Amino acid sequence: MEPRQEFATWIGELMALGEATGDARRSSAVRAREIAGAVIVSSHPEGAKAALLFSASSIVINSGAHLNDAESVKSGKLLAEKALAMTTEDQPLHYQCRYNIANATSSLCDQDLPKIESGTSRIDWEPELVVSRLKNQADLKEVRREFFQIGQSSVADGQTRSAAYCNLGNVLDHAGRWAEAYDFYLRALEADPRNGNAAGNLAQLLHTRIDTGIGQTGHIAAVYDKYVALAHDLRDGTLEFADAKVAERWDLLTPTESQGHLAHGLDPAADDFEYRQWVADLRLALSPAVEGLGTDELRWDSATIEVLYGDSLDEMSPPILGAMNVLKSDFLVSRRLAFDAISQLTDDLAQPADDSGSYVETLDYSLYGIQYSKLLLAQRSALDVLDKTAVVANEHFKAGDIPSKVSFRSFWTEKAGELREPLVKGAGRSLPNLALAELANDMAKDGMYASSQALRNAGTHRIVHAALLATTGVTQDSRSKIDLMELVESTILALQVTRSAYLYLIDLVAMWNHPDDHQGNYLPFPDVRYFNDPTASQHVDQDDSQQDECAPPSLHGQIRPADLREET
């Protein structure tokens, strides 16, 4: 058969095999492997071979994942690796092959996840989930890095980038990293707005979040309804990105008809509307909301420990409340620095009027000035909050580490890799621990946030500055030249990561403040507004009837800040 005709025949057959469903998947995988074997020994050029092997690997991996057949997944992964070796990094196919490899590894890790049966509770399945994630932590770390890099690629096609971000969201959500997962599901929709699977996963994540009772659940329910509707509208996209079984799962999602607001705090008439909109667009608000700012009030960064118990003044005002205040204010300074710098860059690359420095032209496309140093300082100071987050947890949970030796990257697990015992409350309450441990692992040299950590280290100890051309990236040398847009993106990512860690720490504290563990009568919680806030007298506590309809009922005997009730 003439080579071109043979290629067309094989690609046509592989496309037909990819449509198989149910038990027919097994026979389609067998035939795909047969075609792959013939392709490998054929005389086709490497580009054609790579395309065929990639298609065959997709069929074999998907078949193995649906049939829970590890050997099939492994064989599909090998085909994808053979295809990858025939590509170069300037080809979209290169990233499609990497996606298949990461997807196969993820599928193998998922095969021992617990099956959540109807009628079971979190206490029943969460311990098994934590064991599974820790057992596969090395492979999962590699998977997260690969999906992240594929999603960020400027060469990969939009559909591959969207699928990578969506799968990254799934992997993160399985480990309780809901704040990051939410971000990456949205990135999946930005990369390809047809991705109904990302919309369905967003809805599922929000449903799980509502069940925790943490945060503005009425608002979260309203956003959940939005993504339920979008998943239904994008059913054809779900079929393209996943399959009929997944589409049917999203078909069963039903809206809550919550009266909660989709977004708060975005009044165009507000003096700082541009800043508020920037914060909301990048999901950088320290609030219990998932869209917008969480409130229309002046003090909208309201995320804090929501529930405490006590029958004495000391118990009602533990040191962690002050520590969380410091973490918050440090983060807000970093965020504001980033906004100011990016705003100046958006207006003009020229030196701003408020920069009194006289800089020497170095003729190497380098950029100097306070706006660039603001960016670097914002990136560094945001990630510095991570180490302080671990210090706060060490003190509050009495882990016993010497404060001066505590670091975010090494605090959350024992040397053998298991979760730190002082942080684990018990069955069904370990996901925040796992979330923080995994996030810390992703800051390591081979983690998906490695470049951000490397930039922070270089910017702290060596000379780093922005440039338009002839960049070096982060190096171990005395001086590194960073692409301006890379610096902007790394600063925003550092803020998003630090925000996530702050929210996970709140979740971790909430696991230790469960009403089942605190029986008895407790003092009413006093007004927690800062006494030095000149606007405090303007606030009026909302009546329960004004809360969002999906707000959780108040629990007898709990200490709850009065100004954290659901906004309407």
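Guide: Gladly! Let us begin with α17 and α21, which pack at an angle of about 20 degrees with their axes 9 Å apart.

Visitor: What makes α17 roughly parallel to α21?

Guide: Angles run from 0 to 180 degrees between N-to-C directions, and axes are lines fitted to C-alpha atoms, for helices over the stretch in contact. Angles under 35 degrees count as roughly parallel, over 145 as roughly antiparallel, 65 to 115 as roughly perpendicular and the rest as oblique. The angle here is about 20 degrees, so α17 is roughly parallel to α21. The crossing is left-handed, a term for a near helix turned anticlockwise from the far one by less than a right angle (clockwise would be right-handed).

Visitor: Where do these values come from?

Guide: This is a predicted model, in which local features need pLDDT of at least 70, side-chain atom pairs count only at pLDDT 80 or more, and totals for chains, interfaces and linings use all residues. Residues are numbered from 1 along each chain as its sequence is written, and side-chain values use heavy atoms, leaving out hydrogens and water.

Visitor: Why is α2 called roughly antiparallel to α3?

Guide: Helix α2 (residues 24-40) and helix α3 (residues 46-67) pack at about 155 degrees, their axes 9 Å apart. That angle makes the pair roughly antiparallel. Their contact (heavy atoms within 4.5 Å) includes Ala29, Ala32 and Ala36 of α2 and Leu52, Leu53 and Ala56 of α3. This crossing, of α2 and α3, is left-handed.

Visitor: Which residues of α20 are buried?

Guide: Among them are Ala450, Leu455 and Ala458; buried means under 20% relative accessible area, exposed over 50%, and partly exposed in between (1.4 Å probe, protein chains only). Their cover includes α17, β2, β3 and α21.

Visitor: What makes Ala470 exposed?

Guide: Its relative accessible area is 54%, so Ala470 counts as exposed. Ala470 lies in the loop between β2 and β3 and has a positive phi of about 55 degrees although it is not a glycine. Most residues other than glycine have a negative phi.

Terms used:
Helix = DSSP H or I, 4+ residues; strand = E, 2+ residues; numbered from the N terminus.
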